[in-house]
Amino acid sequence: MDEKVIPLQKIPIGAKAKVKTLLSMGSVRGRLQDIGLIEGTVVECLQKSPAGDPIAYLIRGAVIALRSEESSKILVESCDGYVHV
Amino acid sequence: MSTSNITISLVGNPNVGKSSIFNQLTGLNQHTGNWPGKTVVTARGRYVFENREYALVDTPGAYSLTAHSPEEEATSEFVRSGEASVIVVICDATCLERNLNLVLQILEVTQRVVICVNLMDEARKKKISIDLEKLERELGVPVIGAEALTGAGMRKLMRAIASESQKADGLPEIKESSVFERVKKAESICAACVHYGKADYNALDRRIDRLLTSRWSGPLIMLTLLALVFWLTIIGANYPSAALSKFFFWIEGGMLAFLENIQAPGWVSGLFITGIYRVLSWVVAVMLPPMAIFFPLFTFLEDLGYLPRVAFNMDYYFKKCRACGKQALTMCMGFGCNAAAVIGCRIIDSPRERLIAVLTNSFVPCNGRFPAIIALIAMFFAVPTVRTASAASNSILSALLLTAVILSGILLTLFMSRILSRTILQGVPSSFTLELPPFRKPRLSKIIVRSLLDRTLFVLARAVIVSVPAGAIVWLMNNITVGGLSLLQLSTQTLDPFARFIGLDGTILMAFILGFPANEIVIPIIIMAYASANGITSYESLAQLKVLFIDHGWTWLTALCMIIFSLSHWPCSTTCLTIYKETRSVKWTALACAVPTFSGLLICFVLTAAVRLLGGA
């Protein structure tokens, strides 16, 4: 299994990844945790917006759009070796 | 009936149907819509259950009690204050796990809680089953399933609230868990209580989303929908507008004849018919039909859940201007009413970005303005010729031109947002998390009742209230003479040299100034001022109106400049007042007037100079 840790922003559409670390601090971190992004949460990349940013993710049953500023600071590890669904 | 003070508070994540539950319980018509952040002010209502009265407080949506926005702070303070006897936490059955974070947090503050799992019908459709009894055992407080749209579960909810409110004050165990512990607990509770009938329960939503937000189809659908909504508004409003005009004209004839019969003095028919009645009938005939069509269409898109997708599609461009993507939502609300949209700007968390949204909101023409723009387009730019005589092709052209006007308004919004964030509102874009809620099938009856009663009649009533004194004032200005000239002539002549620079004339500029209380009355003021000079009495159709305008020196450039100035001038008085209330600052209110006014003046000036230089018009 691929243990490489990468930013959430980099995972392709359809792929799932498990959150390792939140790099952002302060209220941004709090907000992300409140919507369920903690270590171990599995996130699925669903859909890019027309300009490629923000990107929509499936987080604990809800679809949340994150800008690259946020998603680049969420470190994840791949769950499925990036097999496109 | 006892009127004991039992205060019940509705708390929950954004967009879980708190306002719908509130409406079901109280019978009130609190505005609802399928997008997070709809409720930005705390609503209060009452209901009676088994002879006891309950005061109900609806709070803005919050993801947690750890406040990250002013709305969450308000909700958090309210929960912690202990003002509410019982707190009803509303959850979305289709997304229970995320909702439980807030539930668990509230349970650490108080145990007098009733959990209402709303949208059970949506969950059923998605083959999600929730074991409510098990959930109740896990959480230790009553759990009620509900469908706010149909009202199912409301009696049960009221009963649970009643018995909970009579319970003795049980102190909660004082323990503050970490967000990590709560999320983990929510996960394990859901694993035990929620069963998914099919793994891809959101497959249809995802397919629709791929269509609505992908690189090519996303913007295309957005533009098409915009043009389509305008086309339906224009073509649908055409006949009722003409019929209403005829009807009002017929009534006018009758009233004039009556006044003549009773030998009323000339100023009576002047003030009441030429002044008040004509402005009033123009406002109703020209404004009511487009509103009555536009508002239901807009409400349909809103209830469906399309608006957050617009914000998702457009966020990148707002980010480039260092603003918030949710500004797209407040922009959309501006089509209805700029004042309402300014209040709606509270959904933007960062104060800097919220100010940008407030200051640029009036670049989107509200319902008081775009019917006038439609009329100008129909008179000067989508003129039926022999070749394109069909009404349908003409209305399509009108709709496309209106769409182009709106798009320039959106570009202006982006451009000014950028300038503001480079100058007086400097800063970096704040974090952005936008929830894309599941699509919900709008209920037609609800849309029609709500959009007609809450929006159309509300906006129309405001315009009518303003048009009565405005009609009177303009008539008086037109008929009180100083040194051989009427007050209106005097003021328009003073404004005229300046107005010519920006492609307008003194009368048009005067009408915009007098139209400050409500933009609906701008065109009727122009008509009254021109008509009195002509001595002609009434204008039933746009074609007659065009003749009147051309008689007063209008060209396509005048019409274009007037459209631009409608799009970009000071906000109406209601909006200004709202901006002051929201910002608590004269400076920002003044700037909210200055920004669109100066850009409007500048564009009109440059355009007029360029056209005159090139010898056109």
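I will take chain A, then chain B, and end on a surface patch.

Keep in mind that this is a predicted model.

Let's start with chain A. What does its secondary structure come to? Two helices and six strands. Chain A has 85 residues, and 56% of them are buried. Now take its contacts between residues at least 6 apart in sequence. Of these, 62% join residues at least 24 apart. And the surface? Chain A exposes about 3,400 Å². Carbon and sulfur atoms supply 54% of that area.

On to chain B. Chain B is divided in two: domain 1 covers 2-201, and domain 2 covers 217-613. The C-alpha centres of these two domains of chain B lie 40 Å apart.

Next, one helix. Find α6 of chain B, residues 154-165. Helix α6 has twelve residues and reaches 16 Å from first C-alpha to last. That is close to the 16 Å expected at 1.5 Å a residue. Which residues of α6(B) are buried? Among them are Met154(B), Leu157(B), Met158(B) and Ile161(B). Glu164(B) and Ser165(B) are buried as well.

Last stop, the patch. Leu476(B), Ile480(B), Val482(B), Leu487(B) and Leu490(B) make a nonpolar surface patch of about 370 Å². Look at Leu490(B), which is found in helix α18 of chain B, residues 487-501.

How values were computed. Residues numbered from 1 in each chain as written. Chains lettered and ligands numbered in written order. Predicted model: local features only at pLDDT ≥ 70, side-chain atom pairs only at ≥ 80, totals over all residues. Heavy atoms only, no water. Helix = DSSP H or I, 4+ residues; strand = E, 2+ residues; numbered from the N terminus. Buried < 20%, exposed > 50% of the residue type's maximum accessible area, 1.4 Å probe, protein only. Contact = heavy atoms within 4.5 Å. Areas by Shrake-Rupley, 256 points an atom, 1.4 Å probe, with all protein chains shown as cover. Domains from an automatic or database assignment. Expected span 1.5 Å × (residues − 1). Patch = residues over 30% accessible without salt bridge, like charges linked within 9 Å, V, L, I, M, F, W, Y side chains within 5 Å. Salt bridge = Lys/Arg side-chain N within 4 Å of Asp/Glu carboxyl O.
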